Amino acid sequence: MDHTEVEDSRIDLPNSPSRDEFFLKQLVTYLPMGAMVVNADTRILFVNDSLIDILGYSQEELLNADIDMLLPEEFRDKHKNFIQHFFAQPRKRQMGLGQALYARKKNGEHIPIEIGLNPIQQNGHTFVLATLIDLTARQRANNMFQRSIESAPHGILAVDAGGIIQLTNSALCQAFGYSAEELINQSMDMLLPHRYREYHGKLRDTFHQTPTPRMMGVGRDLTALHKDGREFPVEIGLSPFEDETGNNMVLVSLLDITKRKRMEQDLKETNTNLEEFTYVASHDLRSPLRGIADLLEWIKEDLDSGLIPDVKRNLDRIEVRIERMEQLIDNLLTYAKAGKVESNTQQIDVNKLLDGIFELIPIPKGITVTRDIKLKHLTSTSTPLETVIRNLISNAIKHHDRDTGNIFIHCVAENNLCHFSISDDGPGIPEAAFSRIFRLFQTVTSNERSGTGIGLSVSRRLVETHGGRISVEANTPQRGVTFHVWWPRFLRKDTHD
């Protein structure tokens, strides 16, 4: 490379510099980006330390070198022409607006850059102060941003201040039925039902006046328009940001909630049907049943002195069945109420909870109850939890088929749940009945050990309503079964208002 002096056109900063030259040197040295002074012959006259750090050359390697050495080879042929045009009409400008520019480092690596040109008049000659910014970190961040958008599990749009789509991801394209090419550079109004489009521009302008992250349409039924013309329910979040050029943008996150809406509707219908059934059971069944019981009592009083033994026995059987029907109605009401979340949360001492249960449940002489309580306290609703544990312990005692037996109660913490297990060494439950026993009115047997088939249904409903789960497994190869209950041990917004 030619390092000869360029007469009359080089700023000779090292040798007796004038005050202007000294100021220029100081200016270039302390610029917060890479900078160099170049003459009309494309020779580098001065560089600062930032440029040396960016490109990996030494100062000696750069001074008086042709600037073309810093360009990728494919750009060098056109660069001489560009320099001539610039010095013919020197003006302050940014290079490469709208296109990617690259510089070549000493190790041959090409890095993305941003270049600014500033003409300088010195001693009757024109020079150019070229500033260079390494965009590698910015480009890496931008690529990471785009990859994050693409891999997001929900639909995302990047929209400019005019409502024009600049970026989208596969999840959004799938939700709307469009390809990315059909959406980019189009107005996002194409994704809105026609009745919303007239007012959307005003809403967008209002948002840009005070741009803050927010959810759209809280409490409203928002819908979007699919390519096939059908509307579907959505949740939308807005997050304002600036792109690399300082333009105001909005990141729109969109979630298709069609499945959730269907589940909510199904649940609403189920709860409505259950409430109607509860009303019928409470009024339309209980009242006539009570009337039948009264009539039976009057008949017994009228015939008290002359009752035939067989008639008396049949009347007594009727009375027992009426009582059983009343108990069944009470159980149905209990099951219905089990679907409502109790909000009376408190600190629960697990051992005291069990003490209270055993005060209500008589333990037969031959039954031994063993506790292994690793988790002593939890925060939850006391009554529903006590009801579930009491039902399971009561079943273990009631259904035991021997004069002696054992019941084991364990309680440990598992992440954010409290894991109760109630084991017995009774006759067990057939594996085929494991899922059936939690259904309403299902019992394992029809003998004297079977109940109304409501206790485990109520337990399951209480556990699931309060954010937990329940299961049963056989104690293979030992006798009996173990019921597992996982109950939340911390307050949660989705189950505790």
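Predicted model: local features only at pLDDT ≥ 70, side-chain atom pairs only at ≥ 80, totals over all residues.

User: What does the secondary structure of the protein come to?

Analyst: The protein has 13 helices and 19 strands. Of its 497 residues, 39% are buried. The accessible surface is about 29,300 Å², and carbon and sulfur atoms hold 51% of that.

User: Why is Ser459 called buried?

Analyst: Buried means under 20% relative accessible area. Ser459 has 0%, so Ser459 counts as buried. Ser459 is placed in helix α13, residues 455-465.

User: What makes the pairing of the Ser459 and Asn391 side chains a polar contact?

Analyst: The cut-off is 3.5 Å between N or O atoms, with one able to donate a hydrogen and the other to accept it. The side chains of Ser459 and Asn391 make such a contact at 3.1 Å. Leaving aside neighbours within four places in sequence, Ser459 is in contact with Val388, Asn391 and Ile470.

User: How many aromatic pairs are there? And why is the pair of Phe86 and Phe87 given its label?

Analyst: The count is 4 aromatic pairs. For Phe86 and Phe87, the ring centres are 5.6 Å apart and the planes stand at 90°. Centres must lie within 6.5 Å, and planes over 60 degrees apart count as edge-to-face. Therefore Phe86 and Phe87 form an edge-to-face pair. Phe86 is buried, because its relative accessibility is 5%. Phe87 is buried too, at 17%.

User: What label does the pair of Phe145 and Phe241 get?

Analyst: Phe145 and Phe241 form a tilted pair, with 5.9 Å centre to centre and 50° between the planes. Stacked needs under 30 degrees and edge-to-face over 60, with tilted for the rest.

User: What does the pair of Phe145 and Phe241 tie together?

Analyst: Phe145 lies in helix α5 (residues 136-151), and Phe241 lies in strand β11 (residues 231-242). The pair therefore ties together parts 96 residues apart in sequence.

User: How do you know that the charged end of Arg469 sits over the ring of Trp486?

Analyst: The distance limit is 6 Å from CZ of Arg to the ring centre, and the direction must be within 35 degrees of the ring normal. The charged end of Arg469 is 4.2 Å from the centre of the Trp486 ring. Elsewhere, Arg195 lies over the face of Tyr196, at 4.8 Å from the ring centre.

User: What makes strands β7 and β8 a pair?

Analyst: At least two bridges are needed. Strand β7 (residues 155-160) and strand β8 (residues 165-168) have 3 bridges, in the antiparallel sense. Among the bridge partners, Ala158 goes with Leu167 in β8. β7 and β8 form a hairpin with 4 residues between them. Gly163 in the turn has a positive phi of about 85°.

User: Why is His419 called buried, and which side chain makes a polar contact with the side chain of His419?

Analyst: His419 has 11% relative accessibility, so His419 counts as buried. His419 sits in strand β17, residues 417-424. The side chain of His419 makes a polar contact with the side chain of His484, at 2.9 Å. Beyond four places in sequence, the contacts of His419 include His410, Cys411 and Trp486.

Definitions and conventions: Residues numbered from 1 in each chain as written. Heavy atoms only, no water. Helix = DSSP H or I, 4+ residues; strand = E, 2+ residues; numbered from the N terminus. Buried < 20%, exposed > 50% of the residue type's maximum accessible area, 1.4 Å probe, protein only. Contact = heavy atoms within 4.5 Å. Phe/Tyr/Trp six-rings, centres within 6.5 Å; stacked < 30°, edge-to-face > 60°. Areas by Shrake-Rupley, 256 points an atom, 1.4 Å probe, with all protein chains shown as cover.
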